Amino acid sequence: MAPPKSKKSIAVKKPQPAPAGGGPAAGTRPRKAASRSLYSAAEVHEIFRRFSVQRPEPKGELDYVNAFTLLVAVVLSAQATDAGVNKATKALFAAADTPARMLALGEAKVGDYIRTIGLWRNKAKNVIALSKALIDDYAGQVPQDRDELVKLPGVGRKTANVVLNVAFGQHTMAVDTHIFRIGNRIGLAPGKTPEQVEQGLLKVIPAEFMRHAHHWLILHGRYVCKARKPDCPACVIADICKSKEKTTDIPAPLMPIAPLDETFAAEA
């Protein structure tokens with residue numbers, strides 16, 4: 001009688017453990033990180049040193065009187081110009097500069113004040129809702145925390161970053177269309193999303209310049225590194241810039257710029 005056949009052992013493939021440090025497990029595709037800055041630390045420092053000489057005390061172009069009105073103004077500025085928002089909020093903020101006064105106005109009255117701004121109906125609704133939330137949840141005060149700010153109606157990450165930086169002096173970076181363009185165009189902080197550009201800028205900008213970096217980049221993008229055609233002869237960092245679009249390596253004279261000069265440049 002033939003001996004019984006032995007059973008073949010079946011190899012069981014053990015699952016691969018995830019790599020140390022919380023990285024993706026084997027077989028999964030890692031998320032693509034943003035590209036690195038094209039500039040050395042010394043070059044980035046010099047870029048922002050020149051911006052600080054050019055605009056020692058940069059200011060945003062939205063009008064406001066306190067943290068609450070700044071928050072409202074930034075919410076209203078979505079898909080609208082700063083000038084257009086300022087025209088509407090001049091009378092609005094004279095009538096209501098606190099959450100309680102804004103709530104007392106009511107949605108219809110707020111809508112009357114901001115009717116000239118795009119998407120005014122939805123924005124009026126959000127202004128009243130966020131005013132109520134501030135009263136109910138934060139004792140009428142604007143929270144100084146991004147996670148709390150983005151809970152408010154109409155407030156996203158960019159709006160929260162603007163308020164934290166401008167009203168409270170925190171080192172945040174609100175990436176608007178100008179900053180997103182500059183981060184990618186000159187290779188300062190390349191990224192496919194605003195948050196990637198934000199994280200890239202936070203990583204490379206020296207702490208000593210972070211208080212005003214947001215405004216410096218916006219103003220540089222608005223008046224010099226313009227969307228349609230950059231004004232390279234007016235650029236104080238033309239010799240450092242690594243953009244393929246630049247037209248000169250000669251930097252503009254480094255001197256303080258008066259706000260009125262920029263107003264005229266924008267109108268030209």
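1. Let me start with helix 2 (residues 67-76) and helix 3 (82-95): their axes come within 11 Å and cross at roughly 145 degrees. Axes here are lines fitted to C-alpha atoms, for helices over the stretch in contact, with angles running from 0 to 180 degrees between N-to-C directions. Helices are DSSP runs of H or I with at least four residues, numbered from the N terminus. The crossing of helix 2 and helix 3 is right-handed, a term used if the near helix is turned clockwise from the far one by less than a right angle. T69, V72, A73 and L76 of helix 2 touch V85, T89, L92 and F93 of helix 3, contact being heavy atoms within 4.5 Å. This contact has 6 nonpolar, 2 polar and no charged residues; Ala, Val, Leu, Ile, Met, Phe, Trp, Tyr, Cys and Pro count as nonpolar, Asp, Glu, Lys and Arg as charged, and the others, Gly among them, as polar.

2. A word on the basis. This is a predicted model, in which local features need pLDDT of at least 70 and side-chain atom pairs count only at pLDDT 80 or more, while totals for chains, interfaces and linings use all residues. Residues are numbered from 1 along each chain as its sequence is written, and side-chain values use heavy atoms, with hydrogens and water left out.

3. Helix 2 also meets helix 8 (residues 157-166), with axes that come within 10 Å and cross at roughly 145 degrees. This crossing is right-handed. L70, L71, V74 and V75 in helix 2 face T159, V162, V163 and V166 in helix 8, giving 7 nonpolar, 1 polar and no charged residues.

4. Now the largest pocket, which holds about 1,300 Å³ of space. On a 1 Å grid over the protein atoms alone, a pocket is an open set of points with protein on both sides within 12 Å along at least five of seven lines, and lining residues have an atom within 4 Å of a point. Grid points are joined across faces, edges and corners, and a volume is the space filled by probe spheres set on the points. Of the 47 lining residues, G60, E61, D82, I218 and R222 are the closest to the centre. Helix 11 gives the most, with 9 residues.

5. Where does the largest pocket lie? Domain 1 (39-57 + 171-256) and domain 2 (65-166) both give residues to its lining, so the pocket lies between them. The domain bounds come from an automatic or database domain assignment. By class, the lining has 20 nonpolar, 14 polar and 13 charged residues.

Note on methods. Helices (H or I, at least four residues) and strands (E, at least two) are DSSP runs, numbered from the N terminus. On a 1 Å grid over the protein atoms alone, a cavity is a set of points where a 1.4 Å probe fits but cannot get out, and a pocket is an open set with protein on both sides within 12 Å along at least five of seven lines; lining residues have an atom within 4 Å of a point.
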